[in-house]
Each structure stands twice: as structure tokens, then as C-alpha cells.
Amino acid sequence: MDQMQPIMNSSLGPCIKNGLQVIGKPDKVSLQETRTNAKSVDIDSCLKEDYPNENRWDYAVFIDIDDILKTAFIEIHPANESEVDEVIKKAQWMKRWIMDNQIRVITENRKFFWVSSGNVKITKNSQKIRLLHKQGIEGPQEHLVVDKELRF
């Protein structure tokens with residue numbers, strides 16, 4: 001996964017682990033193909049010291065699919081109407097961080113996912129959900145199968 005080098009050279013590099021081991025919620029996030037060469041990072045913990053007062057995104061999972069590095073940005077967060085703005089702020093912060101650190105490889109072939117930490121309590125056609133999707137954030141959903149969702 002040579003495409004990973006710019007990410008490995010960033011401040012996230014030392015925190016990247018094989019598989020989904022940094023995501024401590026296997027009931028929320030999994031892989032369909034368990035032998036995949038996925039790598040993951042706990043963005044929130046990794047960047048907490050450098051950005052203590054920011055709304056940091058939770059996780060990223062990197063998978064090489066057909067020689068293309070694909071990235072799933074995953075936020076595990078309560079899923080109710082009042083949390084939509086918070087999740088949008090976190091995604092905006094993540095996008096700014098990527099641009100500020102010039103990690104072009106994760107500006108393409110990426111998706112943002114909101115996975116509910118509990119039950120989803122948002123109406124699928126609400127104005128808030130439309131706003132969320134307009135920002136390019138999928139969900140909220142109760143479980144994410146990462147490699148299945150990244151086949152685009």
C-alpha cells in the first residue's frame with residue numbers, strides 16, 4: 001500500500017494499526033472480507049494533544065481495493081436530530097485538517113459515515129438528514145460494513 005506513505009508521514013502515521021483494532025466497537029463497524037489489508041486510525045485520540053479544543057472526527061479506515069486506496073471516515077456518535085450539527089462540524093474539521101496537511105491521497109475515493117452509538121432516532125427524510133447528506137455524510141446507521149460500502 002505505497003499510497004499510504006503520505007498518511008504514514010503525517011501526524012496520524014504512528015497511530016495507524018492493521019485491521020480494525022483501533023475501533024473498539026465490533027458491533028458497530030466490521031469488514032465483510034476479514035482478510036482484507038485494511039488499516040485504521042483513531043483520529044480523535046491521535047490528534048487530541050495537538051488539537052485539544054477542536055471537534056475531532058473519530059476514525060479512518062484505509063483499504064486498497066483494485067489498487068485504489070479508499071478511505072472510510074467513521075464517526076460513532078449518538079444519532080438524534082440535535083447531534084446533526086455536531087457531526088457536520090466534525091466532518092468539516094476533518095476535511096480542513098486533510099487540506100492543511102496536504103494529504104491528497106485521502107481527498108479522493110473517500111466517504112464519511114455516521115454510525116450511531118445507540119439506536120438511530122432521526123427520521124430518514126428530515127431536513128436535518130438532507131443537510132447531513134448535502135455535506136457528504138452518509139447515515140446515521142446502526143452498523144457499517146466498511147469494505148462493502150467502499151466499493152464505488
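This is a predicted model: local features need pLDDT of at least 70, side-chain atom pairs count only at pLDDT 80 or more; totals for chains, interfaces and linings use all residues.

Me: Why is phenylalanine 73 called buried?
Reply: Buried means under 20% relative accessible area, exposed over 50%, and partly exposed in between (1.4 Å probe, protein chains only). Phenylalanine 73 has a relative accessible area of 1%, so the residue is buried. Phenylalanine 112 has 3% relative accessibility, so this residue counts as buried.

Me: What makes the pair of cysteine 15 and cysteine 46 a disulfide?
Reply: The rule asks for a pair of cysteine sulfur atoms within 2.5 Å. In cysteine 15 and cysteine 46 the sulfur atoms are 2.1 Å apart, and the two form a disulfide. By this rule the count comes to 1 disulfide. In general, a disulfide is a covalent bond between the sulfur atoms of two cysteines.

Me: Why is the disulfide of cysteine 15 and cysteine 46 given its handedness?
Reply: The torsion about the S-S bond is about 80°, so the disulfide is right-handed.

Me: Cysteine 15 and cysteine 46: buried or partly exposed?
Reply: Cysteine 15 has 25% relative accessibility, so this residue counts as partly exposed. Cysteine 46 has a relative accessible area of 16%, so this residue is buried.

Me: Why is the pair of phenylalanine 73 and phenylalanine 112 named as it is?
Reply: Rings of Phe, Tyr and Trp (its six-membered ring) pair if their centres lie within 6.5 Å; planes under 30 degrees apart count as stacked, over 60 as edge-to-face and the rest as tilted. For phenylalanine 73 and phenylalanine 112 the centres are 4.7 Å apart and the planes at 15°, so the pair is stacked. Phenylalanine 73 lies in strand 5 and phenylalanine 112 in strand 6, so the pair ties together parts that are 39 residues apart in sequence.

Me: What is the pair of tryptophan 57 and phenylalanine 112 called?
Reply: Edge-to-face: 5.3 Å centre to centre, with 80° between the planes. Tryptophan 57 lies in the loop between helix 2 and strand 4 and phenylalanine 112 in strand 6, so this pair ties together parts that are 55 residues apart in sequence. Trp57, Phe73 and Phe112 form one aromatic cluster.

Me: What makes the charged end of lysine 95 count as sitting over a ring?
Reply: NZ of Lys or CZ of Arg must be within 6 Å of the ring centre and within 35 degrees of the ring normal. The charged end of lysine 95 sits over the ring of phenylalanine 112, 5.2 Å from its centre.

Me: What is the largest nonpolar core?
Reply: A nonpolar core is a set of buried Ala, Val, Leu, Ile, Met, Phe, Trp, Tyr and Cys residues joined through side-chain atoms within 4.5 Å. The largest has 30 residues, and Ile43, Phe62, Phe73 and Met94 have the most contacts inside it. Its largest share, 8 residues, comes from helix 3.

Definitions and conventions:
Residues are numbered from 1 along each chain as its sequence is written. Side-chain values use heavy atoms; hydrogens and water are left out. Helices (H or I, at least four residues) and strands (E, at least two) are DSSP runs, numbered from the N terminus.
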